[in-house]
Number of protein chains: 2
Amino acid sequence: MADDERTRGAGRRPTVRDVARAAAVSPATVSNVLTGRRAVAPERAARVLAAVERLGYRPDPLAANLRSTRRAVLGVLVPELANPFFAELVEALERRARAAGWRLLVATSGEDRAEEPRAIEELVTWRPAGLVLVPVDDSFPARPIVERSGLPCVLVDRVPPGCEAFDSVAIDNPGAARAATARLLELGHRRILAVASTLAIANMRERVEGVAAAVTAAGARLDLLEAGAEAEPAAAAIAGKLDRSDPPTAIVALTTTLTLAALRALAETGRRVPADCALLGFDDHAWMQVARPAIAAVRQPIGELARLAFDRLRLRAGAEQPLPPCRVRLACDIAWRESIAGPPAPAPTGPSESPAAPPNRGRLNV
Amino acid sequence: MADDERTRGAGRRPTVRDVARAAAVSPATVSNVLTGRRAVAPERAARVLAAVERLGYRPDPLAANLRSTRRAVLGVLVPELANPFFAELVEALERRARAAGWRLLVATSGEDRAEEPRAIEELVTWRPAGLVLVPVDDSFPARPIVERSGLPCVLVDRVPPGCEAFDSVAIDNPGAARAATARLLELGHRRILAVASTLAIANMRERVEGVAAAVTAAGARLDLLEAGAEAEPAAAAIAGKLDRSDPPTAIVALTTTLTLAALRALAETGRRVPADCALLGFDDHAWMQVARPAIAAVRQPIGELARLAFDRLRLRAGAEQPLPPCRVRLACDIAWRESIAGPPAPAPTGPSESPAAPPNRGRLNV
DNA sequence: TTGAAAGCGCTAACAA
DNA sequence: TTGTTAGCGCTTTCAA
């Protein structure tokens with residue numbers, strides 16, 4: 001059925017004109033019914049809808065976007081999809097976008113400063129309604145292109161300094177790091193090693209600041225390691241820190257890769273977790289629950305990050321006049337697990353409560 | 001500089017016409033220079049290029065795609081991005097696509113049969129040059145839409161039966177499973193548990209077949225469990241199998257989630273790996289190397305899968321006449337790690353060589 | 001409220 | 001080899 005209708009075009013997809021003819025109205029009316037941009041008399045609208053149904057008409061978004069200024073595509077640039085955090089972020093964005101009838105154009109910069117502006121430039125030529133962007137690092141090489149494009153843009157996860165004019169959505173990095181570290185200090189740790197990939201990325205610095213704030217407040221000692229993004233060299237560097245005479249009794253790893261590197265370094269230097277050294281990571285993954293010991297980790301609310309970023313973009317895309325920038329910072333849960341315990345030798349002070357996390361869900365609108 | 005040129009349009013992006021005027025040629029010539037579709041005299045081409053540079057002209061892919069039949073966009077549909085295998089597949093595809101000047105439109109079906117056709121339908125309305133598709137399962141609900149669209153389509157990873165007319169790229173599932181199992185049998189295992197998510201997905205069945213073939217050939221016993229895609233219930237089901245009087249001494253987990261579930265089940269039932277039970281998973285991830293014991297796993301050549309899928313699609317998109325379907329199956333490496341050892345009690349037979357993998361890289365063109 | 005007509009920016013015909 | 005013309009499928013004036 002309906003095949004007689006469809007063969008008419010000899011394989012050609014039906015267009016607005018076909019629908020208009022079938023419904024005995026003008027193409028403009030078809031458009032108005034379908035986009036809802038202008039009112040159409042009920043009976044005519046029904047005729048149009050029926051014709052659409054009968055012909056199996058699907059509007060061509062390419063043509064629609066070419067003509068109109070309002071598009072329903074979002075450009076998304078993340079450093080890499082191999083990083084589960086970004087993969088989950090993109091998936092959450094895609095889910096929300098599709099639910100709202102929007103599409104996603106996805107690109108990756110490969111954590112490469114030279115690639116970022118190239119990727120953004122290509123994205124921009126597609127004239128998306130907006131951009132969701134995780135910059136490579138503080139240098140944010142795509143910035144001039146984004147600004148010149150005039151497109152709405154939300155920075156997610158990494159918000160370089162000087163980007164106060166951009167919308168941004170990220171977690172409360174200092175807060176999460178402080179809360180995590182405070183717990184370690186409570187348990188009696190006095191030498192804490194914070195492992196960052198690079199301090200050239202704002203969120204890394206913010207996490208380090210959080211750790212430092214807690215450590216300083218407690219009069220303990222902070223060891224800071226900038227270990228790079230690669231697992232192997234990072235593990236070696238961490239092992240180096242562990243092999244000193246006065247090694248840390250707790251490690252806070254600021255990315256998943258560094259958590260893995262820390263685990264490797266601890267194993268290689270013969271440390272048991274948590275007996276010899278406690279470990280806490282950023283970003284929670286399924287394997288951390290199953291690992292023995294199970295690894296404690298800061299849990300980022302990825303779905304929430306995606307939701308806020310998308311809603312912001314949609315709002316801005318639909319807004320008539322320019323909106324003031326909006327900076328959202330979300331609080332994080334921490335999954336306390338077996339990798340956390342008090343320091344080994346003479347447990348100096350610290351209460352012996354069970355390591356339950358204080359409930360700190362909520363939102364921090366800066 | 002060049003600003004005087006750019007302000008002319010009063011913020012308007014320059015078009016082919018602007019470039020044509022600036023270079024004193026026709027719009028068609030500009031198009032021909034930029035797309036390289038027809039020859040243009042060197043000096044004129046140089047003039048055009050100079051004008052492009054001076055005006056900061058960027059072609060609008062929307063308009064180009066609307067007019068021409070050849071598009072440089074690929075539609076990609078995967079079940080989910082939260083699964084690192086698919087995330088890495090998409091990343092590898094994106095990398096190759098971008099290198100070739102193509103873009104990716106990404107959608108996810110959420111492993112949902114109802115969502116798959118919806119997602120594909122939206123993808124198709126964008127008129128991509130081709131589709132890369134990982135079906136939800138054998139039911140492949142998007143199939144009629146894909147066929148009706150007439151678009152080139154490569155099935156990746158999951159190739160439902162009856163899809164011989166489609167191009168497909170996947171690993172040699174039976175071969176990988178057979179090789180893995182053969183090694184376990186060599187080590188003396190006689191009761192092997194294969195854990196699949198669901199037998200409604202072809203690659204799961206193929207893996208099971210591979211395990212079964214090896215087990216049968218060795219006269220050993222195969223235990224098959226269809227454990228679902230969720231970690232918790234799967235772990236419970238696996239624990240059930242382990243708690244019987246005659247438990248398996250080796251587990252082959254057919255997905256990453258099931259590998260995690262198996263680990264959990266083993267821990268919960270007090271089994272040590274590999275002393276009480278050996279474990280081998282499908283899909284290798286960073287944490288498996290760091291886990292104690294390190295987890296052995298079949299390594300899928302994701303980059304290669306992506307490369308072949310993309311090249312195939314590009315070939316088909318550029319081809320004049322229809323090409324015969326091409327079914328590629330790639331051999332896999334196996335990362336042999338600590339989670340593999342002989343069975344606990346009376347190690348019956350089996351040579352005591354070191355568990356090094358036989359080199360079996362290569363391609364199997366079915 | 002509706003229709004006719006004019007493009008959005010580009011490339012494919014066709015003619016020169 | 002080049003320019004002219006037309007039109008991809010849609011939305012948006014503008015006039016009725």
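Reader: How far is the polar side-chain atom of A:Thr29 from a phosphate oxygen of DNA strand C?
Author: It lies 2.7 Å away. This is a predicted model, where local features need pLDDT of at least 70 and side-chain atom pairs pLDDT 80 or more, while totals for chains, interfaces and linings use all residues. Residues are numbered from 1 along each chain as written, chains are lettered from A and ligands numbered from 1 in written order, and side-chain values use heavy atoms, without hydrogens or water.

Reader: Which part of DNA strand C does A:Arg44 reach?
Author: A sugar or linking oxygen, 3.0 Å from an N or O atom in the A:Arg44 side chain.

Reader: And what does B:Ala63 approach?
Author: A base nitrogen of DNA strand C, 3.4 Å from a backbone N or O atom of B:Ala63.

Reader: New topic. How much area do chains A and B bury between them?
Author: About 4400 Å², 60% of it on carbon and sulfur atoms. Buried area is the accessible area (1.4 Å probe) that two parts lose on being put together, summed over both.

Reader: How many salt bridges between the chains?
Author: Eight. Each needs a side-chain nitrogen of Lys or Arg within 4 Å of a carboxyl oxygen of Asp or Glu. One joins B:Glu115 and A:Arg98, at 2.6 Å from N to O.

Methods. Polar contact = N/O pair within 3.5 Å; in protein donor to acceptor, adjacent residues only side chain to side chain.
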